[in-house]
Every structure is written in C-alpha cells, then in structure tokens.
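Student: Could you walk me through a structure today? I would like to ask questions as we go along.

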Number of protein chains: 2
Amino acid sequence: MTEDSVSRRRRHRPEEAERAILAAARSFLESNPFREMTVEGVMARTGLSRPAFYAYFRDRYDLVTRLLEGIGGLLFAVDRRWLVGAEESRKEASVVLADALRRGAETFVRYGPVLRAISDAASQDARVEGVYRYGLIERLVDAVADRIERDVETGLSPDDLEPEETARALVLMTERYLLDAFGKPEECTTREKTGAVVEALVSVWVRTLYGLGP
Amino acid sequence: MTEDSVSRRRRHRPEEAERAILAAARSFLESNPFREMTVEGVMARTGLSRPAFYAYFRDRYDLVTRLLEGIGGLLFAVDRRWLVGAEESRKEASVVLADALRRGAETFVRYGPVLRAISDAASQDARVEGVYRYGLIERLVDAVADRIERDVETGLSPDDLEPEETARALVLMTERYLLDAFGKPEECTTREKTGAVVEALVSVWVRTLYGLGP
DNA sequence: ACTATCTGTTGACGTCGTGTCAATAGACAT
DNA sequence: ATGTCTATTGACACGACGTCAACAGATAGT
C-alpha cells in the first residue's frame, strides 16, 4: 500500500521527504480537522521521526501554507474567464459567471478538507492569515471588484452597487458557504448536494449583479 | 482606576470573581486576538492567580462560550421583526429587512471583538463549534429559511430560490462579512464604514430575495 | 472574643506538544 | 576501503495547560 512512504532510519532526497510529509498531511486532513493535526501525528504517517519535520517546515502553519500554494492558483484560474470578461449581455454574463462558480465549487469539493484546514489555521496564526486572507481572498475581492466596476460602467449592473464592498460580501459568502458545505472531513459529498450549493450561489451572485428574475 | 478589580489573596463571592474574569476577558479581546488569549494573560488583569480561573471555567473555550451567552440572544432579537413578519409588499419587506440588517450590524460593531473571538475559537474547539455554528448560526439559518419559504409561497420571492440553501448562503455571508469588517481588535470603526457595509449587505439580501432594482 | 468550620485561593506538580541541537549513521565520491 | 557530507534522531528545555493538597480569610456558633 504505502510503497512510496518513507521508512525509518533511511536517507532520502530532501524533496522526496518533503513531498511525503505534504502527502501525509493531506491524508491526515482527509479524516481529521486541523485542530487535531499535530506534528507527531503527521510524521507518524511517514516513517520519519518528529524532529525530521523541522528540517523541512518551520511549524504546522508553514505546512498548511505550502499546501495552499498548490491550490491557490487554481481558484483564480477557474474564475478567470468571468473575471477578465466584459461587454456581454446580462444573460451572457450570468452564464459565464455561473460556470465560474460551478468550477470554483468543484475545486472546493476536491480540496475541501485542505482548504478548511487553511481557513482554520488562518485564525490561529498571523502568517497563515496573511497568506490566506490578505493574499488569496483579498486578491479575489479586488479582481471581482474590478469586474463589478466595469459592469456598473457598462450598465450591466445597477450603479447603486459599491463594487469593492459588494465584491467582498460576495467573495466572503462564497468562501464561507463552500467551506461549510465541503470542508467537513467526515461528510461524503453527493452530486445532488453540489448542484444545490452551486445553484444557491448562482442565485445570489446573478440576482445581485444582474438582477435577472422577477 | 481598577477600583472594582479583584485584589490578591482576598476572598470574594463566586459571581463577583466570575464577572471580574469575564470582564477581564472582554477587555483583553478589545486589543488582542483570541489566539493570544491565555489563561495567565486574562487572570493577570484580575488580581487572582491562574489556578483560580479553573474554579469558574473549565478552560478558555468555556470562557468564550459564556461570553457568547450574553450576546447570542441579541442577534435574534434585532432580526425578529423581519424573521416573523409576512404579507407585505416587496418594498415593505425590503425596508424591514434593511432595518434588521442595520441593527444586526450595530450589534457587531458593539461586540465585534468578542464575536470574532468566538468565531476563532469555534475552529479550535469542538464544544465552541457546537454552540456557535450548530447552535446560533444554524438556528438563524432555519429562521431565515422559514421566512424565505413564506416569501416564496406568497410570491414575494421567486420560486426558483431554494429557501434552506439560500438562507445559509446569506447568513454565512453576513456573519463572515461583518466579522471581517468589525472583528479586528485594532480597527477604529467609523460611521461611514458602517454605512457602506450595511448598504452592501442590504443590496445583496434585497436583490436576492425581492429583486428590486433594474 | 475565641474557636470551628467552610470555602475561596494558590504554590507546586505532572502532562502534552513544541522547537532546537549535538551526535549519529546512511549514501556517495574518491 | 575510507572519508566526507548531510539527512536523521534522541534528548533537552520551554511554555501553557489542568489538577490537587494545603492554606487562609470570612462567617457562624458559643
């Protein structure tokens, strides 16, 4: 089973051990919340001893920060089409936006436990908070605010929307709601559940920005 | 200055000391995040020793749970009028809803640091998580879902809204956004800022539920 | 006023997880 | 075979936690 896992008292290439630790952390977070993640608990899943951890990571907050690195970019990528788009009708914009939200949700389904761990860690450590809230989230807010500003200028969205604040509200809603839906380690995620979640998000975003519906 | 603060090696009535500890915790959280709140740090603000803490509270998570008790009810109270209301026009409903959101925001302005601390603690302790997320938040979601369901039935809101999921998205957005705006210990909260935040929240809620605007 | 009792209070202790460091022992080159 | 390099680890000190027996201030009874 754990063919590639690291065995005790053996030398490895630095990256090999580092990747083994990252994998062990991911595996751990699949079934346990971040608050139960201890350095010893993670290292037990590699064949290495606890002190070996500190050769590769400063502490467990550094560990989740690196876990985020592999995912952070994805969250931008999936939304890019809507984020940089413009000059469509409300109907068109809605469709593109709905697609972006659906892809974003799928990313959360896939990396839910890890993202939940990062979110939890952010409230416990100033460094993680910086990377996650003020790095990732804030950049998403800015990007969304840009798009909203353009939509207000082109008349797609009403001009009583304050782009910055509206963007922050919508992004924070999405983050929190998706974490709530897909971040629990135990939950098994069904396709119907995913559909309902995406539908609710699309409703709020589209009705807020493009006012389709009654 | 600290006339009523507890002095060392003196006996007190149980509630007197307990209230002093709760006050010390509130005061601590006014200027420090929860992650820096230690039992020793709190007790240093009373005249009591660290072990005395454990005569009144099980641990620091129990402490924030009790801090929440005094506030949790308020969040329901301010929204009650809209939550239990019905049979109004969209315009009327919007006004009542906007008022509820404004009052809710004011509660957050007032108790921001404490609520932030509770939210942070919820990710670190299963008991706090139970009280906060599955107690307070979930009950708010249910109440909002009820109201949405009635609005859908009476035709005020469109019937493609799924009440439960929409309610959860909106409530989580509001919680997260208000915490983000008013939960930082250092921030000085201006009246303009409050206004902008409430306006953004009202936009999203009203446009989602009652679709006013273009 | 003296004493006994009750109980709020605390110094001292054991525990747990952390982060560090000198010493150890594989792997590789010569 | 031998030496060098460095990944690895046992052992240590630290900080915060939660507990407990012992202490001492308040109160009641005489």
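Tutor: Let us begin with a term that we will need: a residue counts as buried when its relative accessible area is under 20%, as exposed when that value is over 50%, and as partly exposed in between. Please also keep in mind that this is a predicted model.

Student: Okay, so is Leu209(A) buried or exposed?

Tutor: Leu209(A) counts as buried, because its relative accessibility is 0%, and the cut-off for that word is under 20%.

Student: Where does Leu209(A) sit, and what is it in contact with?

Tutor: Leu209(A) is found in helix 8 of chain A, which covers residues 191-209. If we leave aside its neighbours within four places in sequence, its contacts include Trp82(A), Leu97(A), Ile148(A) and Leu170(A), and also Arg207(B), which belongs to chain B.

Student: How far is Leu209(A) from Ala167(A)?

Tutor: Their C-alpha atoms are separated by 9.9 Å, although Leu209(A) and Ala167(A) are 42 residues apart along the chain.

Student: Stepping back, what is chain A made of?

Tutor: Chain A has eight helices and zero strands, and its C-alpha trace spans about 65 × 35 × 25 Å along the principal axes. Of the 214 residues in chain A, 57% count as buried. Among the contacts in chain A with a separation of 6 or more, 69% are between residues 24 or more positions apart.

Student: New topic: how is chain B related to chain A?

Tutor: Chain B can be laid on chain A by a turn of 180° with a shift of 0.0 Å along the axis, and the RMSD is then 0.0 Å. The two copies are therefore related as by a two-fold rotation axis.

Student: Which residue of chain B comes closest to the rotation axis?

Tutor: That is Met173(B), whose C-alpha comes to 1.9 Å from the axis. The same surface serves both copies, since 100% of the contact residues of chain B recur in chain A.

Student: And how many residues are in contact between the two chains?

Tutor: On the side of chain B there are 39 residues, in contact with 39 residues of chain A. Together the two chains bury about 3,400 Å² between them, with 51% of it on carbon and sulfur atoms. In chain B, the residues that lose the most area to chain A are Arg35(B), Arg176(B) and Arg207(B), which together make up 21% of what that side buries.

Student: How many salt bridges and polar contacts are there between chain B and chain A?

Tutor: The count between chain B and chain A is eight salt bridges, and there are 13 residue pairs in polar contact when both residues have pLDDT 80 or more. On the side of chain B that touches chain A, the elements that give two or more residues are helix 5, helix 6, helix 7 and helix 8 of chain B. Helix 7 of chain B gives the most, with eleven residues. The residues of that side divide into 17 nonpolar, six polar and 16 charged.

Student: Can you show me one of those salt bridges? 

Tutor: Take Arg116(B) and Glu129(A), whose closest N and O atoms are 3.1 Å apart. Arg116(B) lies in helix 5 of chain B and Glu129(A) in helix 6 of chain A, so the pair joins two chains. Both Arg116(B) and Glu129(A) are buried. Another salt bridge is formed by the side chains of Arg168(A) and Asp180(B), at 3.6 Å from N to O.

Student: What about Asp180(A), is that one buried or exposed?

Tutor: Asp180(A) counts as buried, because its relative accessibility is 16%. Asp180(A) is found in helix 7 of chain A, and, leaving aside its neighbours within four places in sequence, it is in contact with Arg168(B) and Leu172(B).

Student: Which residues are linked in a network of salt bridges?

Tutor: Arg35(A), Arg116(A), Asp120(A), Glu129(B) and Arg133(B) are linked in such a network.

Student: And what does Arg102(A) form a salt bridge with?

Tutor: Its partner is Asp99(A), and the closest N and O atoms of Arg102(A) and Asp99(A) are 2.6 Å apart. Because Arg102(A) and Asp99(A) are three residues apart in helix 5 of chain A, they are separated by about one helical turn. Arg102(A) is partly exposed, since its relative accessible area is 36%.

Key:
Residues numbered from 1 in each chain as written. Chains lettered and ligands numbered in written order. Predicted model: local features only at pLDDT ≥ 70, side-chain atom pairs only at ≥ 80, totals over all residues. Heavy atoms only, no water. Contact = heavy atoms within 4.5 Å. Buried area = accessible area lost by both parts, 1.4 Å probe. Salt bridge = Lys/Arg side-chain N within 4 Å of Asp/Glu carboxyl O. Polar contact = N/O pair within 3.5 Å; in protein donor to acceptor, adjacent residues only side chain to side chain. Helix = DSSP H or I, 4+ residues; strand = E, 2+ residues; numbered from the N terminus. Nonpolar A, V, L, I, M, F, W, Y, C, P; charged D, E, K, R; others polar. Buried < 20%, exposed > 50% of the residue type's maximum accessible area, 1.4 Å probe, protein only. Least-squares fit on C-alpha atoms with pLDDT ≥ 70 in both.
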